Amino acid sequence: PAPDFFRSYGTAWVQAEMLQDVARTSAFRDAILGNRQLFEGKVVLDVGAGTGVLSLFAAQAGAARVFAVERSDMAIIARRIVSDSGFSEKVQVIQGLVEEVDLPVRSVDIIISEWIGTFLIHESMLDSVLRARDRWLAPDGLLLPDRATLY
């Protein structure tokens with residue numbers, strides 16, 4: 001994606017618009033917090049973390065470690081949100097492209113990402129999620145979400 005793509009996601013306006021999508025944010029919250037048994041004690045990777053809201057849900061669900069990877073400058077704000085929320089011990093925000101960063105672990109148990117945009121692919125995140133899956137996801141790991149349907 002072009003640099004302007006990441007610059008736009010680094011703005012509070014774009015992030016607020018996504019967070020205010022109640023159906024979308026609530027669906028992720030309910031999927032993560034409603035399945036605590038999947039997250040307890042696990043290592044989680046959040047691809048395109050933005051403000052870190054999915055990372056915080058994973059930490060609240062009992063994840064042992066969460067790596068929140070965000071390319072835009074929103075990573076700076078995400079670090080502050082994570083700290084202010086009291087999850088600095090569990091959630092590490094890493095600024096960079098998921099294709100280029102190194103994680104301090106060999107594999108992760110779960111990959112979460114809010115890659116779904118308009119017509120499922122608008123945000124151009126699916127390729128990044130699939131690369132992260134191929135590089136870090138444990139053989140018995142989970143990808144959330146792992147499917148979508150267009151009508």
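Is D102 buried, partly exposed or exposed, and at what relative accessibility? D102 counts as exposed, because its relative accessibility is 61%; the classes are buried (under 20% relative accessible area), exposed (over 50%) and partly exposed (in between), taken with a 1.4 Å probe on protein chains only. The views below show a predicted model, in which local features need pLDDT of at least 70, side-chain atom pairs count only at pLDDT 80 or more, and totals for chains, interfaces and linings use all residues. Residues are numbered from 1 along each chain as its sequence is written, and side-chain values use heavy atoms, with hydrogens and water left out.

**View 1. The protein chain as a whole.**
The protein chain has seven helices and five strands. Helices (H or I, at least four residues) and strands (E, at least two) are DSSP runs, numbered from the N terminus. Their order along the sequence is α-α-α-α-β-α-β-α-β-β-α-β. Of the 151 residues, 44% count as buried. Among contacts between residues at least 6 apart in sequence, 68% join residues at least 24 apart; a contact means heavy atoms within 4.5 Å.

**View 2. Helix 3 beside helix 5.**
The axes of helix 3 (residues 22–33) and helix 5 (residues 53–60) come within 9 Å and cross at roughly 25°. Helix 3 is therefore roughly parallel to helix 5. Axes are lines fitted to C-alpha atoms, for helices over the stretch in contact, and angles run from 0 to 180 degrees between N-to-C directions. Angles under 35 degrees count as roughly parallel, over 145 as roughly antiparallel, 65 to 115 as roughly perpendicular, and the rest as oblique. The crossing of helix 3 past helix 5 is right-handed, that is, the near helix is turned clockwise from the far one by less than a right angle. Helix 3 contributes T25, F28, R29, I32 and L33 to the contact, and helix 5 contributes L54, F57, A58 and Q60. By class, this contact of helix 3 with helix 5 has six nonpolar, two polar and one charged residues. Ala, Val, Leu, Ile, Met, Phe, Trp, Tyr, Cys and Pro count as nonpolar, Asp, Glu, Lys and Arg as charged, and the others, Gly among them, as polar.

A31 is placed in helix 3 and counts as partly exposed, at 26% relative accessibility. A31 and F57 are 26 residues apart in sequence, and their C-alpha atoms are 9.5 Å apart in space. D30 forms a salt bridge with R29, with 3.0 Å between the closest N and O atoms; a salt bridge is a side-chain nitrogen of Lys or Arg within 4 Å of a carboxyl oxygen of Asp or Glu. D30 counts as partly exposed at 45% relative accessibility, and R29 likewise counts as partly exposed at 35%.

The structure holds six salt bridges, including the two shown here. The side chains of R135 and D102 meet at 2.9 Å, N to O. This pair links distant parts of the chain, 33 residues apart: R135 belongs to helix 7 (residues 126–136), and D102 to the loop between strand 3 (91–95) and strand 4 (108–113). R135 is partly exposed, with a relative accessible area of 40%. In the other salt bridge, D134 pairs with R133, and the closest N and O atoms are 2.9 Å apart. D134 counts as exposed at 58% relative accessibility, whereas R133 is partly exposed at 33%.

**View 3. I94 in strand 3.**
I94 is found in strand 3 and counts as buried, at 12% relative accessibility. Leaving aside neighbours within four places in sequence, I94 is in contact with F67, A68, V69, E70, R79, V101 and L103. The C-alpha atoms of I94 and F67 are separated by 6.9 Å, although the two residues are 27 residues apart along the chain.

**View 4. G86 in a loop.**
G86 lies in the loop between helix 6 (74–84) and strand 3. At 58% relative accessibility, G86 counts as exposed. G86 and L56 are 30 residues apart in sequence, with 9.7 Å from C-alpha to C-alpha.

**View 5. The peptide bond between L144 and P145.**
Most peptide bonds are trans. The bond that joins L144 and P145 is cis, with omega about -5°. P145 is placed in the segment after strand 5 (137–144).
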